[in-house]
Amino acid sequence: EMLNDPSLATDFTKLMDLQKQLDDEESRQFYLDVIIDEANKMNLLVKELMSLSELEFSDGELDYERFDITELIKNKILSMELMIRQKGITVEFPNENEPVYVWSDEFKIEEVIQNYLSNAIHYCSNEKIIRITIEELNYSVRIKVFNTGERIDDNQIQRIWDKFYKVDKARSRSYGGSGIGLSIVKAIMKSINMDYGVTNLQNGVEFYFDLPTK
């Protein structure tokens, strides 16, 4: 009876077809690349979850130091230059020759910049411009990362900071990749008790965060 089961015959045929595909070197390489890509995504997701868990559930001891935020931003742009060039994006950083010293946890602030810049690169469209600016406030500075492209729906703009939340792509755009990146930003900024947020502008979206200078 089992030998006459049509479903078994179909499964066997599919298995043979897959075997034939894997016999081809180009096909083997394709499937290997897919497996490696998915493994890398899973590895990044696990790291992000561990980082977020540490921020949310540990005492979150911070390593405060004085450092040049301008230099940190320049280094982060440089490290992501390949992705920037591949998407044909122009990055503007008017403050790049102006050292600005802040007081915070440099490693955690690097994560904030990484997540903001990754979002900007991924969702940059239209004129394909990313503009990073540093604005001086009273005893603090505001770092702003703007990218041209679609705006975020007003009724969803506050929810993008929630873990695993993604804006409906059919209506607007999804932020955060895995849905964790902006949650990490939120947790870091709350741990240092400084302001952060996002604003829709006429031709794009601008994320920001504040750091103390004293």
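This is a predicted model: local features need pLDDT of at least 70, side-chain atom pairs count only at pLDDT 80 or more; totals for chains, interfaces and linings use all residues.
Which residues of α5 are buried?

1. Buried residues of α5. The list runs K108, I109, E111, V112, I113, N115, Y116, L117, N119, A120, I121 and Y123.

2. Geometry of α5. The helix covers residues 106–123, which makes 18 residues. From the first C-alpha to the last, α5 reaches 26 Å, close to the 26 Å expected at 1.5 Å a residue. At its start, a side-chain oxygen of D105 comes to within 3.2 Å of the backbone nitrogen of F107.

3. Overall make-up. The chain holds six helices and seven strands. Along the sequence these follow the order α-α-β-α-α-β-β-α-β-β-α-β-β. The chain has 214 residues, and 40% of them count as buried. Its accessible surface comes to about 13200 Å², with 51% belonging to carbon and sulfur atoms. Of the contacts between residues at least 6 apart in sequence, 67% join residues at least 24 apart.

4. The largest nonpolar core. This core has 43 residues, and the members that touch the most others are I69, Y116 and F209. Two or more residues each come from α3 (69–79), α5, β4 (129–137), β5 (140–148), α6 (181–191), β6 (196–201) and β7 (204–212). The largest share, seven residues, is that of α5. As a general point, nonpolar side chains in soluble globular proteins tend to be buried together.

5. Y116 and its surroundings. Leaving out residues up to four places away in sequence, Y116 touches V145, W161, L182, V185, Y196, G197, F207, Y208 and F209. Y116 also belongs to an aromatic cluster, together with W161, Y196, F207 and F209.

6. Aromatic pairs. How many aromatic pairs does a search of the whole structure find? There are five. In one of them, W161 and Y196, the ring centres are 4.9 Å apart and the planes stand at 80 degrees, so the pair is edge-to-face; the angle has to be over 60 degrees for that class. W161 lies in the loop between β5 and α6 and Y196 in strand β6, so the pair ties together parts that are 35 residues apart in sequence. Both W161 and Y196 are buried.

7. S104. Apart from neighbours within four places in sequence, S104 is in contact with D63, Y64, E65, F67, I109, I192 and L211.

8. I132. This residue lies in strand β4 and is buried, with a relative accessible area of 3%. Not counting residues up to four places away in sequence, I132 touches I73, I77, V91, E92, F93, P94, N95, L117, I143, K144 and V145. The C-alpha atoms of I132 and E96 are 9.2 Å apart, while the two residues are 36 apart in sequence.

9. Helix α6. Eight of the eleven residues of α6 are buried, so the helix is mostly covered. The buried residues are G181, L182, S183, I184, V185, A187, I188 and M189. Of these, L182 and V185 are among the residues that Y116 touches. After α6 comes N193, whose phi is positive, near 60 degrees.

10. Positive phi in the loops. K128, in the loop between α5 and β4, has a phi near 55 degrees, a positive value in a residue other than glycine. Y139, in the loop between β4 and β5, has a phi near 60 degrees and is likewise not a glycine. How do the two stand in accessibility? K128 counts as partly exposed, at 32% relative accessibility, whereas Y139 is exposed, with a relative accessible area of 61%.

Definitions and conventions:
Residues are numbered from 1 along each chain as its sequence is written. Side-chain values use heavy atoms; hydrogens and water are left out. Helices (H or I, at least four residues) and strands (E, at least two) are DSSP runs, numbered from the N terminus. The expected span of a helix is 1.5 Å times one less than its number of residues. Buried means under 20% relative accessible area, exposed over 50%, partly exposed in between (1.4 Å probe, protein chains only). A polar contact is a pair of N or O atoms within 3.5 Å; within protein, one must be able to donate a hydrogen and the other to accept it, and residues adjacent in sequence count only if both atoms are side-chain atoms. Contact means heavy atoms within 4.5 Å. Accessible areas come from the Shrake-Rupley method with a 1.4 Å probe; for residues, only the protein chains shown count as cover. A nonpolar core is a set of buried Ala, Val, Leu, Ile, Met, Phe, Trp, Tyr and Cys residues joined through side-chain atoms within 4.5 Å. Rings of Phe, Tyr and Trp (its six-membered ring) pair if their centres lie within 6.5 Å; planes under 30 degrees apart count as stacked, over 60 as edge-to-face and the rest as tilted.
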